[in-house]
Amino acid sequence: MRLKLHHWILLGMVLGAAIGLPLRFFADQGRIDESWPATVAAYGKGVGDLFLRLLSMIIVPLILTSLISGVISTGQLKGLGRLGGRTMVYYLSTSIAAITIGVVMVNIIKPGQGADLTLLQATAQKEGHGRSVVGEAARTSFHTGCLYALGGHTDKAFEELERYLRLSEGREEAVEKIRQEGDLESLQSDPRYDALLASADQIRKDADEGKKQGLGETLWKQLFNLIPSNPFGSMADSTNRSILGVIFFSLLFGAFVIVVGGETGALMSKLFSGAFDVMMRMTMLIIKTAPVGVFGFMLYASAGKGFDVFRPLGWYMLTVFAGLAFHALVTLPLLLLLVARRSPWEFYKAMSPALLTAFSTASSNGTLPLTLSSVEERAGVSNRVSSFVLPLGATINMDGTALYEAVAVLFISQAYGMDLSFGQQVVIAFTALLASIGAAGIPHAGTVMMVIVLGAANLPLDAVGLILAVDRILDMCRTSVNVWSDSTACAVVARLEPSGGEAPG
Ligand code: ASP
């Protein structure tokens, strides 16, 4: 039997976990040195990042050509607004459904009640074994500082980062300790490290101005970003965070090709559909390397973290898992069955390469090429629908993240012994929705946004540190749900199109 792509991806995942987990286990037992799993995890991440970089390379050209040719292929502007309207209604209603499930789960399971705060704090400080207390403190300060910085809380960011610098560089003894245990290296290899350095100047400037950014401002920025000040600048953004601008410009460009029409229209149509075909072929080749990339990420995820960080957060994780599972296995399949009139199982099988990759990479943006190709080539949805619904969905439709934000914030408030009224929970639910719209489709973006939700709910911002230890595994799960919801959106919106939204031929 010839193995299909999703079988290979699954094999990569299982193999990664089969090597990583025992290594982790033996290191936890003290039977092998901690450096073993740490080294394997670092190599795994290297391999995974290589794959993610290949995907990231094709995202902008793929979205651009796919959207422009998708719009042009309809030949008419009529119906585009309807498509957009339905997509938005879907995004909003499924995210609200996901949050409601999360809130109900927290109220039933009550994961934060009786959660031992000192134990949680110890876990937050720990994140691994055998590291010095100084190293741990520096690490925690660094992470917390990054979160504050990326979340726009500049004063606090500097407080934490200065503490980090004091701990890790200011004192020779501390530096030596950290160096000996490889801690500083692991800090510097943290993906947030570069981002942080890159934005350090800006942060300092912002801090000087005493500017604080709230939820409203974040959303306003998102709306503002929809209109690129320079579309080429958005396309050239190496972090792929300006996708909204690319989407908006491509839509307009496609629309105006139709308006111009005639010979020019025909030429443009040929040009962009040709470029799209080329990009799709390139995508298909890169996707073939997914099993290796996924293998690397699974090594990283399974070998990288000691099991005992999970213990004090067990109920919290269970609540997030249960909520995500309910949404992915009940709500969305019901929509597929009743509205899209498709077999959820068949649709799931068609989407499995994308879902497994989303799980391993924890990045909706990174997975986008696989989502696009799976929806079109394997699930038979037309390019007109998928090229609109998916890139937009990867940026603003995050059911899994919305659910996670709500559960995490309510968990924290329970752990702090705050009894929230129904009204306060509604406020948290609403801000969680907005935060999920504002979060980028990259790893840990949801956690960064949570700083803002906590702020809006008047909860201590430092609390993010408590749940950071288990964030990767939760991120993997919520990203799969995000991509699953985007895919379901394609099937649902396509069914409501007059043509049925099937891919031709
Ligand atoms: N990693 C998620 C995504 O890419 C976002 C999040 O952190 O919740 O969809």
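How many residues surround the ligand, and which are the closest? The views below take up this question and others in a predicted model, in which local features need pLDDT of at least 70, side-chain atom pairs count only at pLDDT 80 or more, and totals for chains, interfaces and linings use all residues. Residues are numbered from 1 along each chain as its sequence is written.

**View 1. The shell around the ligand.** The ligand is surrounded by 16 residues, the closest being S364, T401, G441, A445 and G446, where a residue is near a molecule if its C-beta atom, placed from the backbone, lies within 6 Å of it. The shell comprises 6 nonpolar, 8 polar and 2 charged residues, with Ala, Val, Leu, Ile, Met, Phe, Trp, Tyr, Cys and Pro counted as nonpolar, Asp, Glu, Lys and Arg as charged, and the others, Gly among them, as polar.

**View 2. The largest nonpolar core and V407.** This core has 130 residues, and A406, V407, V409, A432 and C490 have the most contacts inside it; a nonpolar core is a set of buried Ala, Val, Leu, Ile, Met, Phe, Trp, Tyr and Cys residues joined through C-beta atoms within 7 Å. Helix α2 (residues 35-74) contributes the largest share, 15 residues. Beyond its neighbours within four places in sequence, V407 is in contact (C-beta atoms, placed from the backbone, within 7 Å) with G102, M105, V106, T319, V320 and G323.

**View 3. R342 in a loop between helices.** R342 lies in the loop between α15 (314-338) and α16 (344-361), and it counts as buried because it has 21 C-beta neighbours inside 10 Å, the cut-offs being 20 or more for buried, 12 or fewer for exposed, and partly exposed in between. Leaving aside neighbours within four places in sequence, R342 is in contact with L336, F347 and A491.

**View 4. Confidence along the chain.** The mean pLDDT, the predictor's confidence in each residue from 0 to 100, is 80 for the chain, and 75% of its residues reach 70 or more. Where pLDDT is low, the predicted coordinates should not be read in detail.

Methods: Helices (H or I, at least four residues) and strands (E, at least two) are DSSP runs, numbered from the N terminus. Two residues are in contact if their C-beta atoms, placed from the backbone, lie within 7 Å.
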